[in-house]
Amino acid sequence: MSLERFLQNAVSSWMSEEGPDSDIVLSSRIRLARNLKDYKFPIIFSREEAQEIIHWAERRLSRNSYQENGHFEFLGMDSLKPIEKRVLVEKHLISPNLAESSPYGAVLLSANEEISVMINEEDHIRIQCLYPGLQLVEALKTAGGIDDWIEEQGTYAFDEERGYLTSCPTNVGTGLRASVMMHLPGLVLTRQINRIIPAINQLGLVVRGIYGEGSEALGNLFQISNQITLGKPEEDIVADLLSVVEQIIERERVAREALVKTSDIQLEDRVFRSYGILANSRIIESKEAAKCLSDLRLGIDLGYIKDISKTILNELMILTQPGFLQQYAGGPLKADERDIRRAALIRERLILEKKDEQGGNVQ
């Protein structure tokens with residue numbers, strides 16, 4: 001398969017499109033946890049109950065269209081190959097927990113992959129909306145509409161005092177997890193990030209890596225989300241997160257300006273060295289690739305590099321993950337083989353970008 005065709009099939013809209021404040025915020029995500037009344041929760045339900053819920057979702061959700069999004073594509077975890085499930089995890093469309101739940105789990109995906117509805121993950125239903133840039137309010141509105149639509153098909157487990165009931169006590173109440181993925185090289189290079197993260201945690205928010213809990217902050221990418229789901233309306237939770245994120249955006253921009261004023265030539269050198277590594281390496285490990293891609297994206301945002309799309313970081317941070325590399329290769333790869341493929345894919349992607357800038361017929 002050519003890289004052009006692979007990209008057309010592989011890249012979700014949140015990776016390839018720019019949104020508000022997309023120089024710093026790569027994506028906004030809203031996730032709602034819900035359970036159906038009269039069924040045991042996934043942590044204790046039987047295989048028969050799990051299959052009943054899957055059949056309900058396939059019958060009531062995938063066969064009905066939702067507004068302009070049309071019909072959702074239904075994918076049962078038991079019908080997917082391990083590499084295919086890994087790719088869905090790397091695209092943030094399903095969780096690692098759902099990928100491991102076969103044959104009990106499934107997912108419904110919208111055509112543009114901005115919306116995914118996970119079935120039988122930690123809860124019966126997990127609605128997720130993923131938008132490019134800083135669009136938490138828009139994502140919440142979409143998620144709320146889907147939530148209402150699903151509730152028309154079945155009755156949720158709900159308590160008048162506690163709110164929505166969930167498998168994990170930390171999700172009880174609204175069941176809402178709002179998060180943004182931020183690129184913060186300025187705060188990392190100026191060493192302010194070590195002071196900011198504890199301050200964020202004290203505000204009832206949590207900072208994680210690119211793949212959530214337990215993951216590393218590769219490529220200066222940080223995921224910031226709410227911890228509190230009980231006792232606050234959904235709109236207030238999102239407003240509080242948005243307020244903090246806007247302050248971080250401002251600090252990141254100030255940090256970048258300071259770096260340009262005090263270390264312009266050194267910063268430019270760092271950017272172009274990383275660009276050179278990405279454009280010419282024959283072998284590259286994931287950590288080095290992430291570091292160089294972060295530098296490249298910073299160089300694009302600062303105007304050092306003018307002929308590459310801003311969305312390159314979004315795309316290549318996902319496309320160079322193990323699942324994608326193996327899907328592109330057409331089969332399993334050993335670690336050293338992935339490093340070779342990763343370098344080749346990055347080189348090819350940069351070449352395609354050049355062709356696009358020169359008027360080539362790409363994407």
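The structure is a predicted model. A total of 20 salt bridges is found in the structure, and one of them joins E234 to R34. The helices α9 and α10 approach each other with their axes within 8 Å.

- E234 and R34 form a salt bridge through their side chains, with an N to O distance of 3.5 Å.
- This pair ties together parts that are 200 residues apart in sequence, because E234 belongs to helix α9 (residues 234–280) while R34 belongs to strand β1 (residues 25–34).
- R34 has a relative accessible area of 0% and is buried.

- R297 and D301 are joined by a side-chain salt bridge, with 3.1 Å from N to O.
- Both residues lie in helix α10 (residues 286–302), where they are four residues apart, so about one helical turn separates them.
- R297 is buried, its relative accessible area being 1%.
- D301 has a relative accessibility of 19% and also counts as buried, since the cut-off for buried is under 20%.

**A network of salt bridges**

- Salt bridges link E121, E122, D123 and R126 in a network.
- Within this group, E122 pairs with R126, and their closest N and O atoms are 2.9 Å apart.

- D21 is not a glycine, yet its phi is positive, at about 55°.
- D21 is located in the loop between α2 (13–16) and β1, and it is partly exposed, with a relative accessible area of 30%.
- N220, likewise a residue other than glycine, has a positive phi near 60°.
- The loop that holds N220 runs between β9 (205–208) and β10 (221–226).
- N220 is buried, with 15% relative accessible area.

- A157 is found in the loop between α6 (136–151) and β6 (158–159).
- With a relative accessible area of 10%, A157 is buried.
- Although A157 and L36 are 121 residues apart along the chain, their C-alpha atoms are separated by 5.3 Å.
- When neighbours within four places in sequence are left aside, A157 is in contact with N35, L36, K37, F41, G163, Y164 and L165.

**Packing of helices α9 and α10**

- In general, a pair of packed helices is described by the angle between their axes and the distance between the axes.
- For α9 and α10, the axes come within 8 Å and cross at roughly 130°.
- The two helices α9 and α10 are therefore oblique to each other.
- The crossing of α9 and α10 is left-handed.
- On the α9 side, the contact is made by R256, V260, L267, R270, V271, S274, Y275, I277 and L278.
- On the α10 side, the contributing residues are E288, A289, K291, C292, L293, D295, L296, L298, G299, D301 and L302.
- By type, the residues of this contact between α9 and α10 comprise twelve nonpolar, two polar and six charged.

Conventions: Residues are numbered from 1 along each chain as its sequence is written. This is a predicted model: local features need pLDDT of at least 70, side-chain atom pairs count only at pLDDT 80 or more; totals for chains, interfaces and linings use all residues. Side-chain values use heavy atoms; hydrogens and water are left out. A salt bridge is a side-chain nitrogen of Lys or Arg within 4 Å of a carboxyl oxygen of Asp or Glu. Buried means under 20% relative accessible area, exposed over 50%, partly exposed in between (1.4 Å probe, protein chains only). Contact means heavy atoms within 4.5 Å. Axes are lines fitted to C-alpha atoms, for helices over the stretch in contact, and angles run from 0 to 180 degrees between N-to-C directions. Angles under 35 degrees count as roughly parallel, over 145 as roughly antiparallel, 65 to 115 as roughly perpendicular and the rest as oblique. A crossing is left-handed if the near helix is turned anticlockwise from the far one by less than a right angle, and right-handed if clockwise. Ala, Val, Leu, Ile, Met, Phe, Trp, Tyr, Cys and Pro count as nonpolar, Asp, Glu, Lys and Arg as charged, and the others, Gly among them, as polar.
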